[in-house]
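User: I am new to this structure and would like to learn how to read its features one by one. Could you take me through them, giving the general idea before each case?

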Amino acid sequence: RTPIVVMASGTGSLMSALLDVAAGDDSPFDVVAVVVDRDCRAAELAAARGVDVVTLRLRDFADRAAWDQALTERVADYGPGYIVTAGFMKILGEQFLSRFTARIINSHPALLPAFPGAHGVADALAYGAKVTGTTVHLVDAGVDTGPILAQAPVVISPDDTETTLHERIKAVERVLLTDVVAAVAARGVVTDGRKAYIP
Ligand code: GAR
């Protein structure tokens with residue numbers, strides 16, 4: 001089974017979906033640790049399920065580079081095959097990215113390259129888009145710019161609020177992300193410039 005480290009900052013529903021899959025006998029991956037940057041529901045849920053939780057708050061470090069270094073070392077200690085950012089709301093640093101190049105998988109609540117950043121759901125609504133969705137992609141040095149692994153659409157209805165739309169997107173994200181992580185854990189990922197595919 002491929003060891004996976006999950007990183008989260010929020011309610012942890014994507015993380016929980018990954019833990020549910022990892023609990024199955026036939027799972028191609030194990031979640032060996034959950035890394036958080038703040039006290040959050042994700043940390044509570046992971047601890048309650050007996051998963052190692054590592055908390056690294058940016059404010060506890062002298063600067064971003066020191067936080068980046070600690071994050072890199074703590075994650076590397078677990079020897080992960082892949083790292084999954086599941087609602088992790090901090091930009092990863094240079095050291096972390098170069099140590100784990102092409103091995104960090106992110107789930108974003110919009111159809112990239114539309115609506116990148118921290119407010120993907122609100123931005124799609126405010127723009128008046130009629131369809132949005134979710135993207136699973138490899139993380140590179142940009143914000144939500146890395147090679148795309150999979151996408152799924154979600155139709156926006158006229159009476160949607162950010163909350164109702166985000167809940168529908170997250171329901172789709174949980175399925176897409178767990179499927180992609182299982183496939184990548186089992187078969188790896190091949191990149192060719194901007195293109196990435198699971199063989
Ligand atoms: C998910 O929709 C995820 O795509 C998003 O946060 C939510 C986490 O939900 N991430 C981002 O917006 C990152 N820019 P959860 O805490 O219930 O798993």
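Analyst: Let us begin with pockets: a pocket is an open set of grid points with protein on both sides within 12 Å along at least five of seven lines, and a volume is the space filled by probe spheres set on the points. Please keep in mind throughout that this is a predicted model.

User: How much space lies in the largest pocket, and which residues are the closest to its centre?

Analyst: The largest pocket holds about 790 Å³ of space. Its lining is made up of 37 residues, and those closest to the centre are Gly87, Phe88, Met89, Asn106 and Ser107. Among the elements, H1, S5, H5 and H6 each supply at least two lining residues, and H6 gives the most, with 4 residues.

User: How should I read a helix, and which residues of H5 are buried?

Analyst: An α-helix has 3.6 residues a turn, so residues three or four places apart point the same way. In helix H5, which covers residues 120-127, the buried residues are Gly120, Val121 and Ala124. Seen down the axis of H5, these buried residues fall within an arc of 100°, so they line one face of the helix. Their cover includes strand S5 (104-108), strand S6 (131-138) and helix H6 (162-187). After H5 comes Gly128, which has a positive phi, near 85°.

User: Is H1 mostly covered or mostly open, and what covers its buried residues?

Analyst: H1 is mostly covered, with 7 of its 10 residues buried. The buried residues of H1 are Leu14, Met15, Ser16, Ala17, Leu18, Leu19 and Ala22, and what covers them includes S1, S2, H2, S4, S5 and H6.

User: What is a nonpolar core, and which residues of the largest one touch the most other members?

Analyst: A core of this kind is a set of buried nonpolar residues joined through side-chain atoms within 4.5 Å. The largest has 34 residues, of which Val6, Phe29, Val31, Val34, Ile105 and Leu177 touch the most other members. Strand S1 (2-8), helix H1 (13-22), strand S2 (29-36) and strand S7 (148-155) are among the elements that give two or more residues to this core, while the largest share, 7 residues, comes from H6. Looking at Ile105 itself, and not counting residues up to four places away in sequence, its contacts include Tyr82, Val136, Leu149, Leu177 and Val184. There is also a second, separate core of 18 residues, which includes Ala33, Leu71, Leu97 and Phe100.

User: How are aromatic pairs described, and how many does a search of the whole structure find?

Analyst: A pair of aromatic rings is described by the distance of the centres and the angle of the planes. Here the search of the whole structure finds 3 aromatic pairs. One of them joins Trp67 and Phe88 in a stacked arrangement, 6.5 Å centre to centre and with 5° between the planes. Trp67 lies in helix H3 (residues 64-77) and Phe88 in the loop between S4 and helix H4 (94-99), so this pair ties together parts that are 21 residues apart in sequence. Both Trp67 and Phe88 are buried.

User: What kind of pair do Phe115 and Tyr127 form, and is Tyr127 buried or exposed?

Analyst: The ring centres of Phe115 and Tyr127 are 5.6 Å apart and their planes stand at 65°, so the pair is edge-to-face. Phe115 lies in the loop between S5 and H5, whereas Tyr127 lies in helix H5, so the pair ties together parts that are 12 residues apart in sequence. Phe115 is buried, with a relative accessible area of 17%, but Tyr127, at 66% relative accessibility, counts as exposed.

Technical notes:
Residues are numbered from 1 along each chain as its sequence is written. This is a predicted model: local features need pLDDT of at least 70, side-chain atom pairs count only at pLDDT 80 or more; totals for chains, interfaces and linings use all residues. Side-chain values use heavy atoms; hydrogens and water are left out. Buried means under 20% relative accessible area, exposed over 50%, partly exposed in between (1.4 Å probe, protein chains only). The arc is that of the directions from the helix axis to the C-beta atoms. Contact means heavy atoms within 4.5 Å. Rings of Phe, Tyr and Trp (its six-membered ring) pair if their centres lie within 6.5 Å; planes under 30 degrees apart count as stacked, over 60 as edge-to-face and the rest as tilted. On a 1 Å grid over the protein atoms alone, a cavity is a set of points where a 1.4 Å probe fits but cannot get out, and a pocket is an open set with protein on both sides within 12 Å along at least five of seven lines; lining residues have an atom within 4 Å of a point.
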